[in-house]
Amino acid sequence: MKNKHPKLNFGIELDESIQVDGVSATATKFGESFRGIFRWQQSFFKLVWKQAIIYYIVYVSITLFYSFALDSGNQANFDAITSYLARYTSSLPVVLLLGFFTSTALNRWFSIMASMPGTNRPIALYVASLKEDAADGCARVDLYIRYVLLMWLLTFRIVCKPLRKRYPSLLSIQAAGFLRDHERLLLEKHKQQPGGRSKTLPLVVYDWLNILLRDTCQKGYFTVANDFGRNIDAIQALKKGGGNVIRFASKNVPVALIQAVTLAIYCYGIVSVFSHQIEKHYLTSVLSGYFPLPYALPFFFYYAWLKVGRIAIDPFGSDEDDIDILNIFDGHINGAMRLRNCYGVKITIPSTDSSTFLLS
């Protein structure tokens with residue numbers, strides 16, 4: 001008797017789950033949370049280890065200075081100063097400033113992520129809507145793909161340092177195969193005109209795409225008449241998404257806010273390192289004088305919180321926590337090549353399908 005409910009495998013292994021850099025996002029396995037805590041890459045510890053060493057050196061130096069360089073009278077004065085500082089540690093508006101700063105930075109980061117356009121949709125739409133019997137169909141597909149990738153590249157070069165480092169000039173873009181010599185000359189000529197600059201180069205390529213689509217429509221190469229409008233909408237969405245990314249990336253968080261929250265964190269750290277009490281009992285004096293964990297933990301949690309906000313402000317940098325635009329662009333290239341190979345390919349459909357995929 002056949003099983004009416006076979007277990008189908010669509011290429012997803014049963015033991016696969018959502019992973020966050022090798023750590024399960026659900027943490028359902030025993031010890032999974034600790035595995036995430038003690039990882040090093042992109043971790044809390046990697047953000048603060050240098051500052052932790054400096055903090056400990058300064059903290060222990062103050063303890064040694066108190067114990068061996070001050071007499072009883074000066075120690076009493078030192079105790080009064082530390083009590084005064086400890087009293088006002090909680091008065092610094094650290095949590096308020098950090099909460100506002102990080103929420104602003106992360107909201108901006110999420111807005112950039114949501115606005116990032118892809119290249120697969122306009123390329124797939126053009127390949128699917130172009131007639132297979134077009135005389136120069138393959139050449140048109142290649143030209144369209146190259147223009148779409150070039151427009152994406154020129155857009156993200158404006159805001160992404162690693163992408164500018166890989167493609168520092170139009171000549172390097174031409175050497176990579178995304179530009180032809182006459183096209184590079186047109187872009188350079190545009191930059192020399194009034195109002196022409198690097199930020200407007202993607203618009204020139206956008207105009208080239210419009211011209212190519214209009215020519216394709218006039219020659220009757222689209223399968224249906226509506227394909228022209230659909231392709232125009234696709235490249236307009238690409239242009240709009242790129243413009244949103246540039247707008248969000250160029251309108252940074254106000255410098256005054258960054259300065260205020262940074263000063264608050266460092267002031268809190270200075271106050272915490274100087275305000276620890278030197279206990280008179282031997283055991284407690286060793287614990288409070290040489291192991292500053294109760295004083296250091298709040299500062300380093302606040303400092304890591306600040307670093308996360310600073311990372312979110314510049315999501316297209318070269319840090320390991322930034323958006324990997326180079327990898328994303330390589331993915332767009334691979335996807336474009338895959339879609340290019342789909343043009344003109346036909347699938348042979350058998351008259352009967354005896355596979356076990358169908359449920360019976």
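Does R184 count as buried or partly exposed, and at what relative accessibility? R184 counts as buried, at 11% relative accessibility, where buried stands for under 20% relative accessible area, exposed for over 50%, and partly exposed for what lies in between, with a 1.4 Å probe and protein chains only. Before we go on, please note that this is a predicted model, in which local features need pLDDT of at least 70 and side-chain atom pairs count only at pLDDT 80 or more, while totals for chains, interfaces and linings use all residues. Residues are numbered from 1 along each chain as its sequence is written, and side-chain values use heavy atoms, with hydrogens and water left out.

We can begin with the chain as a whole. Its secondary structure comes to 15 helices and 2 strands, where helices (H or I, at least four residues) and strands (E, at least two) are DSSP runs numbered from the N terminus. The protein chain has 360 residues, and 38% of them count as buried. The chain exposes about 21,900 Å², of which carbon and sulfur atoms supply 62%; such areas come from the Shrake-Rupley method with a 1.4 Å probe, and for residues only the protein chains shown count as cover. If we look at contacts (heavy atoms within 4.5 Å) between residues at least 6 apart in sequence, we find that 76% of them join residues at least 24 apart.

When its neighbours within four places in sequence are left aside, R184 is in contact with L170, L171, Q174 and L179. The side chain of R184 also meets that of D181 in a salt bridge, at 2.8 Å from N to O, the term being used for a side-chain nitrogen of Lys or Arg within 4 Å of a carboxyl oxygen of Asp or Glu. Side chains of opposite charge can pair when their charged atoms come close. Both D181 and R184 belong to helix α9, where they stand 3 residues apart, about one turn of the helix. D181 is partly exposed, with a relative accessible area of 38%, whereas R184 is buried.

By this rule the structure holds 9 salt bridges, and one of them joins the side chains of D142 and R340 at 2.3 Å, N to O. This pair links distant parts of the chain, since D142 sits in helix α6 (residues 137-157) and R340 in helix α15 (residues 325-340), 198 residues apart. D142 is partly exposed at 29% relative accessibility, and R340 is partly exposed at 33%. Helix α6 itself has 21 residues and reaches 30 Å from its first C-alpha to its last, close to the 30 Å expected at 1.5 Å a residue, the expected span being 1.5 Å times one less than the number of residues.

Another salt bridge brings together the side chains of D227 and R230, at 2.9 Å from N to O, and both residues lie in helix α11 (residues 226-250), 3 residues apart, about one turn of the helix. D227 is buried, with a relative accessible area of 3%, while R230 counts as partly exposed at 43%. Elsewhere, salt bridges that share partners join D136, R140, D215 and K219 into one network.

Helix α10 (residues 201-218) contains N210, which counts as buried at 18% relative accessibility. Not counting residues up to four places away in sequence, N210 touches I232 and I235.

A disulfide is a covalent bond between the sulfur atoms of two cysteines, and here the term is applied to a pair of cysteine sulfur atoms within 2.5 Å. A search of the whole structure finds 0 disulfides. As for individual cysteines, C267 is partly exposed, with a relative accessible area of 38%, and C342 is also partly exposed, at 44%.

Finally, we can turn to the record. An unreviewed UniProt entry lists residues 53-70, 91-110, 255-275 and 287-306 under "transmembrane region"; UniProt positions are given in the numbering used here, feature names are shortened, and annotations may be inferred rather than shown by experiment. In the model, residues 53-70 are 94% helix and 0% strand, with their end C-alpha atoms 25 Å apart. Residues 255-275 are 95% helix and 0% strand, and there the end C-alpha atoms are 30 Å apart.
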